[in-house]
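Open the model in your viewer and show it as a cartoon. We will walk through it stop by stop.

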Amino acid sequence: MDHGGIPVTTAAELEEIIGRPLPAARDKSRARLHDLDRQWLAASPLCFVSTADAAGNADVSPKGDPAGFAIVLDETTIAIPERPGNRRADGFHNVLENPNVGLLFVIPGRGDTLRINGRGRLLRDAPYADRMQVRGHEPELVLEVAIDEVFSHCSKAFLRSQTWKPEYWNPGAAPRRAVIAQILERPNESIEALDAYYGRTYDAKLYG
């Protein structure tokens, strides 16, 4: 549905609006991990994984674990463990069709982020799975990513959004997860049961 506005359809039009990047920004991507990137990965407990299927249908999914959950295999390869979830595996189905992935690694409290773009593949029985053990559980599935480019991203989005300032947090602004689930997904279950499921039960089943 067209809601108005003038479509921007060429790179020239885009650059006319936003300008061209400065050389430092334009040339900052690297093909290999620097030691500073390794330090960032060791400190990051959260990553957003962007994928698309063969038809271009896109998905982004958060992956989180204790800091350092994404391990470095060598200067051009990292691996991310999969943990028990809802079994939709949208991003993994995409990787089976189209290996290109975009990763955004976050350190809580920091505005800058680390971005890695590359090609992913899914592995079972990864020989390094023991390095990803949490609460006695090793991942049965791993996303291994061959790095094409890596670079740091500036903090402006986090500064504008005040993401890390508790005084701006308002978790009650939207209905809690149990209410959303009952209205949209599980209408035959009680709020009490859903509150329990998304609370104590969720925590107990994080790793098995």
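How many helices and strands does the secondary structure of the protein chain come to? The count is 7 helices and 7 strands. Keep in mind that this is a predicted model.

**Stop 1: the whole chain**

Along its principal axes, the trace spans about 55 × 50 × 40 Å. Now follow the chain along its sequence. The pattern reads α-α-α-β-β-β-β-α-β-β-β-α-α-α.

Next, colour by domain. The domain assignment gives domain 1 as 23–161 and domain 2 as 170–204. Taken over C-alpha atoms, the centres of domain 1 and domain 2 are 28 Å apart.

**Stop 2: the sheet**

Select the strands. You are looking at an open sheet of 7 strands with antiparallel pairing. Trace across the sheet, and the order is S2-S1-S5-S6-S7-S4-S3. Which strands stand at the edges? They are S2 (58–64) and S3 (71–74). Each has a single partner strand, so one side of each is left without a neighbour in the sheet. Now turn the view to look along the sheet. Neighbouring strands are turned by 35° against each other on average, direction ignored.

**Stop 3: strand pairs**

Start with S3 and S4. These two form a hairpin, with 2 residues between them. They run antiparallel, and 3 bridges join them. Click on Ile71: its bridge partner in S4 is Ala79.

Move on to S4 (residues 77–81) and S7 (residues 141–153). This pair also runs antiparallel, joined by 5 bridges. Select Pro81, and look for its bridge partner Val142 in S7. Then select Thr77, which stands opposite Ala146 in S7.

Now bring in S6. How many bridges pair S6 with S7? There are 12, in the antiparallel sense.

While you are here, show the side chains. In a regular strand, side chains alternate between the two faces of the sheet.

**Stop 4: helices across the sheet**

Select H3, residues 35–43. Helix H3 lies across S3, S4, S5 (100–106), S6 (113–124) and S7. Which angle does H3 make with S6? It runs at about 70° to that strand.

Now select H4, residues 90–97. Helix H4 lies across S1 (46–52), S2, S5, S6 and S7. Its angle to S6 is about 75°.

**Stop 5: the largest pocket**

Rolling a probe the size of a water molecule over the atoms shows where empty space is left. Look for the largest pocket, with a volume of about 1600 Å³. Which residues are closest to its centre? Of the 40 residues that line this pocket, they are Glu82, Arg83, Pro84, Gly85 and Asn86.

Colour the lining by class.

Next, colour the lining by element. S1, S2, H4, S7 and helix H7 (191–204) each supply at least two residues. Which element gives the most? It is S2, with 5 residues.

Finish by bringing back the domain colours. The lining of the largest pocket draws at least three residues from each of domain 1 and domain 2.

Key:
Residues are numbered from 1 along each chain as its sequence is written. This is a predicted model: local features need pLDDT of at least 70, side-chain atom pairs count only at pLDDT 80 or more; totals for chains, interfaces and linings use all residues. Side-chain values use heavy atoms; hydrogens and water are left out. Two strands pair if DSSP finds at least two bridges between them. Helices (H or I, at least four residues) and strands (E, at least two) are DSSP runs, numbered from the N terminus. Axes are lines fitted to C-alpha atoms, for helices over the stretch in contact, and angles run from 0 to 180 degrees between N-to-C directions. Contact means heavy atoms within 4.5 Å. On a 1 Å grid over the protein atoms alone, a cavity is a set of points where a 1.4 Å probe fits but cannot get out, and a pocket is an open set with protein on both sides within 12 Å along at least five of seven lines; lining residues have an atom within 4 Å of a point. Grid points are joined across faces, edges and corners, and a volume is the space filled by probe spheres set on the points. Domain bounds come from an automatic or database domain assignment.
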